[in-house]
Amino acid sequence: MIHTMSASALLLGRDQFGHPDNKGKLMSDQEALRLLEEWVENDRLRLHMRQVAAVMKAWALEKEGASEQVARCWEQAGLLHDADWEKYPDRHCRVIVEKLEQLELDPDMIHCIASHGPRYFGVEPVSSMDRMIYMFDELSGFIHAAALIRPTRYEGMDVKGILKKLKTPSFAAQVSREDIQDALSRIPYPLEEIIAFIIGHQAGVQ
Ligand SMILES: [Fe+2]
C-alpha cells in the first residue's frame with residue numbers, strides 16, 4: 001500500500017517481535033476479518049489486504065511447499081499488514097504490531113508485518129515470508145490499478161503490459177518502483193514470474 005509518511009517517522013526501532021512461545025498461534029479467520037472491519041473503513045484498502053492475503057497463501061502452498069497451517073500464517077500476515085494504515089497513519093505498522101503482540105500471536109507473522117516496508121519501518125525482511133510480503137505489497141496494488149483501467153479488468157491481462165506500465169513513471173506514480181526493485185533483488189525469482197503469479201491469484205479476490 002502507499003506510504004505517505006516521511007521515512008523516519010515510522011521506524012519501529014527494534015527487530016524482535018512477539019514471543020517464540022507463541023509460534024503457530026493465529027487468529028481465527030472470523031477474528032481477523034472482524035479486526036479489519038473495525039479498523040478499516042476504506043473498501044479499497046480492505047480489498048488490497050484480501051488480495052495480498054490470497055497471493056501470500058497461494059505462494060506459500062504452491063512455491064514454498066508450506067503446510068496448511070504455515071500457509072495460514074502467510075495469509076494472515078497479508079490480511080493484517082496494513083490494518084492500522086487508515087486510522088493511525090503516523091504510527092502505521094507500530095499499532096498493528098503491538099496489537100498482535102498483545103494478542104500473543106505468531107512471532108514470525110508479526111515480524112513479517114513489521115518488515116513489509118524496510119525503508120519505512122527499519123526492519124529487514126529475514127524469512128521468505130518476510131521477503132514475499134515486501135515483494136507482493138506494492139506490486140499487487142500496482143497490478144490492481146492496471147486492472148481497474150482495463151474494460152475487461154484481469155481478463156486477458158498479460159505480464160508484458162504490466163512491465164510496460166512499470167516503466168511508465170506517470171502510471172500509478174505513487175507506487176515505488178524503487179521498493180519493487182529492492183524487493184526483487186532479495187528473492188531468487190524473476191519479476192515476470194511474480195507478476196504472472198499475482199495476476200493469476202488476485203483476479204478472483206472479492
Ligand atoms: Fe499493503
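I began with helix H7, which passes H10 in a right-handed crossing; a crossing is right-handed if the near helix is turned clockwise from the far one by less than a right angle, and left-handed if anticlockwise. The model is a predicted one, in which local features need pLDDT of at least 70 and side-chain atom pairs count only at pLDDT 80 or more, while totals for chains, interfaces and linings use all residues. Residues are numbered from 1 along each chain as its sequence is written. Helices are DSSP runs (H or I, at least four residues), numbered from the N terminus.

**H7 and H10.** I looked up the geometry: H7 (residues 128–148) and H10 (residues 191–202) pack at about 65°, with axes 10 Å apart. Axes are lines fitted to C-alpha atoms over the stretch in contact, and angles run from 0 to 180 degrees between N-to-C directions. On the H7 side I listed Met135, Phe136, Leu139, Ser140 and Ile143; H10 brings Ile194, Ile195, Ile198, Ile199 and Gln202. Contact requires C-beta atoms, placed from the backbone, within 7 Å.

**H4 and H5.** I found helix H4 (residues 94–102) packed on helix H5 (residues 107–114) at about 175°, axes 10 Å apart. The pair is therefore roughly antiparallel (angles over 145 degrees). H4 contributes Ile96, Val97, Leu100 and Glu101, and H5 contributes Ile110, Ile113 and Ala114.

**Core.** The largest nonpolar core has 50 residues; Met56, Ala77, Ile113, Ile133, Phe136 and Ile198 touch the most other members. Such a core is a set of buried Ala, Val, Leu, Ile, Met, Phe, Trp, Tyr and Cys residues joined through C-beta atoms within 7 Å. H7 gives the largest share, ten residues. I checked Ile133: leaving out residues up to four places away in sequence, Ile133 touches Val52, Met56, Ala77, Gly78, His81, Cys112 and His116.

**Loops.** A residue is buried with 20 or more other C-beta atoms within 10 Å of its own, exposed with 12 or fewer, and partly exposed in between. I looked at Glu104, in the loop between H4 and H5; phi is positive, about 55°, although Glu104 is not a glycine. Glu104 is exposed, with 12 other C-beta atoms within 10 Å. Ala172 also has positive phi, near 45°, but is buried, with 20 such atoms. Arg91, between H3 and H4, is partly exposed, with 15 neighbours.

Definitions and conventions. Helices (H or I, at least four residues) and strands (E, at least two) are DSSP runs, numbered from the N terminus. Two residues are in contact if their C-beta atoms, placed from the backbone, lie within 7 Å. Angles under 35 degrees count as roughly parallel, over 145 as roughly antiparallel, 65 to 115 as roughly perpendicular and the rest as oblique.
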